[in-house]
Amino acid sequence: MPPSPKSSELVRESLAAQKEEYQELAETWRQLETKAQGTIAISGVFLAAAFAFVRQLTASAFMFERVLLIVGIALLVLSVSFSIWALRIRRVPKAPIGDAIDRLVSDLEQSDEQISQDRLVNLVHEQTRMWRRTNEQVQAANNGKAKRVFAAQCLLLSAILVVAVVTIVKITFVGDANELCKARVSGCGDQRQQLLFEASGRARYRD
């Protein structure tokens, strides 16, 4: 029994839906790669800032300050690593067009049987299955890429928080230390002036 026009229309709609899904998956692929590249760029900026911060460290720097800075740099390196992993070249099936469709049509034409409406519908069914298999593999690749980009962004956020803590601690403790040093220097100056005044008074008394 030949397929009804309604059935043929549904089969073609299914094929069109698979093609549209492939376009969306391809767009998602490009967006994920753009996000990975952006994460690498931001991580690079913070890495440069972290290394500049390391060069400014003095021997009197607190141990926890050094540890936090090391943790921040490690997180940034991991973020870049995950982003590069997401950008790595990976083999995914291409869209089943061109040669793939040509082979199906060629097989259909070389058959001794008459090309009926039923066989044309089967051809569309086969194309739909090919697109579905391709979409499943591209979707799996996108899922893996998305997980790695998400991990890279989480690592980057953690590194930013760590660097922020180091900066706040640096500003707070250095400011307090400077005030303490100024107070000590001022106190020493006042004490010296007092000693000089007393010595001068004793000298006058002796005269």
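This is a predicted model: local features need pLDDT of at least 70, side-chain atom pairs count only at pLDDT 80 or more; totals for chains, interfaces and linings use all residues.
1. Met-63 sits in helix H2, which covers residues 63-87. Its relative accessibility is 58%, so Met-63 counts as exposed, the cut-off for that being over 50%.

2. Now the inside. In soluble globular proteins, nonpolar side chains tend to be buried together. Here the largest nonpolar core has 14 residues, and the members touching the most others are Leu-47, Phe-53, Leu-69, Ile-73, Leu-75 and Leu-76. At least two residues of this core come from each of helix H1 (5-55), H2 and helix H4 (117-206).

3. Phe-53 is worth a click in the viewer. Setting aside residues up to four places away in sequence, Phe-53 touches Glu-65, Leu-69, Val-166 and Lys-170. Leu-69 also shows up with Phe-53 in the list of core members that touch the most others.

4. Last, Arg-90. You'll find Arg-90 in the loop between H2 and helix H3 (99-110). Arg-90 has 35% relative accessibility and therefore counts as partly exposed. What does Arg-90 contact, leaving aside neighbours within four places in sequence? The partners are Ala-140, Ala-141 and Arg-148. Take Ala-141: 51 residues separate Ala-141 from Arg-90 in sequence, yet their C-alpha atoms are 8.3 Å apart in space.

Note on methods: Residues are numbered from 1 along each chain as its sequence is written. Side-chain values use heavy atoms; hydrogens and water are left out. Helices (H or I, at least four residues) and strands (E, at least two) are DSSP runs, numbered from the N terminus. Buried means under 20% relative accessible area, exposed over 50%, partly exposed in between (1.4 Å probe, protein chains only). A nonpolar core is a set of buried Ala, Val, Leu, Ile, Met, Phe, Trp, Tyr and Cys residues joined through side-chain atoms within 4.5 Å. Contact means heavy atoms within 4.5 Å.
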